[in-house]
Amino acid sequence: MRTLIRGGRLVDPANRVDEITDLYIDDGRVVALGMAPDGARVEREIDASGLVVCPGLIDLNARLREPGAEHKATIASESRAAASAGITTLCVPPDTEPVVDTQAVVELIHRRAEDAGMARVEVLGALTVDLKGKRLAEMAALQRAGCVGVSNGLRPVANTEVMRRAMEYASTFDLVVFLHCEDPWLAVDRQMHAGSISGRLGIGGIPETAETVAVARDLLLLEQTGVQGHFCHLSSTRAVTMVAKARTRGLAVTAGVSAHQLHLTEDDVSGFDSQCHVRPPLRTAGDLKGLRAGVQSGVIQAICSAHQPHEKDAKLEPFTLTESGISALETLLPLALDLYHQGGMGLSELLATLTSNPAKIIAVERGALGIGAVADVCIFDPDVRWVLEEDAMLSQGSNTPFLGKTLRGRVMHTLLGGQVVHTWEP
Amino acid sequence: MARSQFCQLDESGRLRHFLTTEGLSRETLTDILDTAESFAAVGKRAIKKVPLLRGKTIVNLFFEPSTRTLTTFELAAKRLSADVMNINLRRSATVKGESLLDTLHTLEAMHCDMFVIRHASSGAAHFIARNVAPHISVMNGGDGRHAHPSQALIDVFTIRRHKPDFTKLRVAIVGDIAHSRVARSQISTLRTLGVKEVRVVAPRTLLPPVPEALGAKVYFSLEEGLRDVDVVMMLRLQQERIQGPLLPSLHEYQACYGLTQKRLALAKADAIVMHPGPLNRGVEIDSEVADGPQSVILQQVSHGIAIRMAVMSMILGRRDSAEVSN
């Protein structure tokens with residue numbers, strides 16, 4: 001089965017390729033660029049003229065809700081949504097029910113993802129048993145089961161000694177530790193950024209220090225233990241600055257940001273819009289600027305969706321009683337592309353944050369399209385404008401503040417291991 | 001910001017819901033005060049009823065315990081000749097399977113005209129206004145720490161009776177600003193009405209994260225904050241504040257922020273003292289002050305009914321005139 005992607009602008013950040021060329025795929029892998037390989041018989045051709053061809057997107061932070069919360073979403077429903085959004089690899093946190101602290105859960109997730117066949121799903125194992133922050137999870141066993149890293153999900157490890165030992169233990173096996181930085185005492189029972197809007201609305205505020213205090217602690221522990229750390233989704237300029245300084249010192253730390261943090265601020269909560277209830281919270285216009293600058297300067301290497309699909313009822317309560325999170329797979333690329341359209345970033349540079357950089361963070365041989373590479377491909381029109389409609393969303397959750405908004409950039413085709421898993425039909 | 005502000009006014013700028021004092025014009029606020037003035041006399045008559053809302057049904061939907069507020073809302077509705085139903089739903093009642101929306105839709109089906117909502121969560125009144133059937137109006141009887149608009153109007157009504165020219169007034173609001181829905185509504189109301197200076201007086205732990213954003217001048221010292229003010233508005237200190245890390249003790253709070261006769265002497269000689277109740281005597285306010293000649297606390301209570309009558313009649317009366325013109 002040979003596939004030819006003809007005439008697209010191939011942007012492959014890892015190989016520093018950005019040119020209009022043809023891409024040949026055979027047996028699930030890239031076999032040639034530009035000229036057809038000898039004796040090639042093309043069985044399927046995709047016309048990519050006027051479109052961008054890049055490695056399939058890798059989303060380091062997406063919750064698929066299975067196992068345990070299938071009323072919100074399933075691996076099948078969400079991987080289908082991912083395919084429609086050009087995402088070919090989803091990295092899921094361990095905060096499922098049961099928690100990913102045994103091999104059995106890892107295997108279950110992998111099996112469901114294979115059955116669905118729409119996207120690859122990589123799993124982060126638990127850092128501590130049941131994410132309780134007390135005893136270490138069996139990280140070596142989780143790694144053997146295929147986990148690409150470890151994390152405590154959205155539950156911060158309060159006990160510093162446990163965190164230190166967990167990092168030390170993870171370093172033994174070269175496991176990357178994914179960190180959600182939130183001081184538990186500064187964030188408890190609070191739902192939005194502590195600032196002028198929270199003061200006006202009378203909503204308990206999560207101060208910036210909830211993030212920076214935790215980042216400071218974890219940076220020092222990362223330095224002491226030597227483990228590789230990844231901050232999943234920073235929300236404040238000050239945290240970005242702290243990470244930048246640590247990197248200058250030579251610390252092997254990486255950082256991510258969720259795409260919605262590059263677009264929304266605390267102002268968007270001012271009408272009690274529960275779709276804007278997220279964790280970490282939306283912060284100030286200054287923070288939004290700092291986060292965008294962080295992506296541009298390379299301090300933030302990965303843009304993620306922070307996808308959290310919900311059933312309708314989860315958001316149908318007064319703001320403070322709603323669950324946090326946005327259904328975000330289907331807006332990941334267009335929201336990120338804004339940094340190319342408006343933010344002055346090169347397309348290749350921007351796409352690196354969605355392909356080669358995240359691949360490197362979880363050490364998978366993906367996110368590139370050189371000869372021999374796995375043919376996970378995203379083909380998109382960077383300029384087309386479209387409106388996000390609830391009925392057209394494939395995710396089981398349509399909880400997003402971007403409903404009805406005009407987005408720029410649309411995925412036309414997605415290939416997973418050379419197989420077409422999505423073609424946009426208007 | 002305007003993008004997501006829920007509109008409590010209809011197309012012609014009249015009150016459709018009453019959720020917050022924020023965004024209401026000076027004209028609308030003055031209109032409510034003037035209407036309340038006309039209702040204040042009703043309570044003094046032998047027959048304390050007017051037939052304005054005959055045939056209307058008002059439901060007091062209280063998700064938080066309250067006696068005083070509930071009573072005045074009930075009396076206000078009754079004096080307007082509306083049918084009233086009081087429903088007390090402590091949080092636990094809605095936890096068991098039935099969501100807040102289910103409860104509302106059940107009541108909607110009974111053809112009510114207005115819900116008066118009190119709820120422990122900020123934004124609850126907005127949420128309900130957004131989700132109820134279009135024929136129902138929502139009146140906020142206090143939502144979390146967000147707003148208590150009718151209380152704020154009671155307070156300015158009381159001030160106006162003593163000091164009719166707002167532009168000359170300095171007002172100090174003293175106490176737990178951070179957790180007070182009353183304070184938030186008071187500040188916005190006083191500012192819209194053109195008060196010369198609004199001050200908030202509290203320790204840093206009882207102020208919101210960016211206190212200046214409220215549009216009031218911040219004082220940490222009660223003595224300085226009281227100097228030359230015309231109105232002192234005290235807030236109730238919830239006992240739970242001293243269980244967390246916000247305050248060391250009631251005793252220390254009283255020592256720093258309790259209103260004593262001696263401290264009150266720093267304000268203007270004709271300054272009035274207010275408190276939305278219930279009082280913690282000997283904590284935020286001494287009995288000597290609360291029961292003294294400058295206190296107008298009991299007047300506030302009696303004005304509660306007139307203000308609520310005014311808002312109810314303006315909202316439900318508006319709909320009638322709209323129906324007639326259709």
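**Exercise 1.** Is R65(A) buried or exposed?

*Solution.* This is a predicted model, in which local features need pLDDT of at least 70, side-chain atom pairs count only at pLDDT 80 or more, and totals for chains, interfaces and linings use all residues. Residues are numbered from 1 along each chain as its sequence is written, chains are lettered from A and ligands numbered from 1 in the order in which they are written, and side-chain values use heavy atoms, with hydrogens and water left out.

Step 1. Buried means under 20% relative accessible area, exposed over 50%, and partly exposed in between, with a 1.4 Å probe and protein chains only.
Step 2. The relative accessibility of R65(A) is 14%, so R65(A) counts as buried.
Step 3. R65(A) is located in the loop between β6 and α1 of chain A. Helices (H or I, at least four residues) and strands (E, at least two) are DSSP runs, numbered from the N terminus.
Step 4. The phi of R65(A) is positive, near 75°, although the residue is not glycine.

**Exercise 2.** Describe the backbone and setting of F272(A).

*Solution.* 
Step 1. Phi is positive in F272(A), near 60°, in a residue other than glycine.
Step 2. F272(A) lies between β14 (253–258) and α9 (285–297), in a loop of chain A.
Step 3. With 4% relative accessibility, F272(A) is classed as buried.
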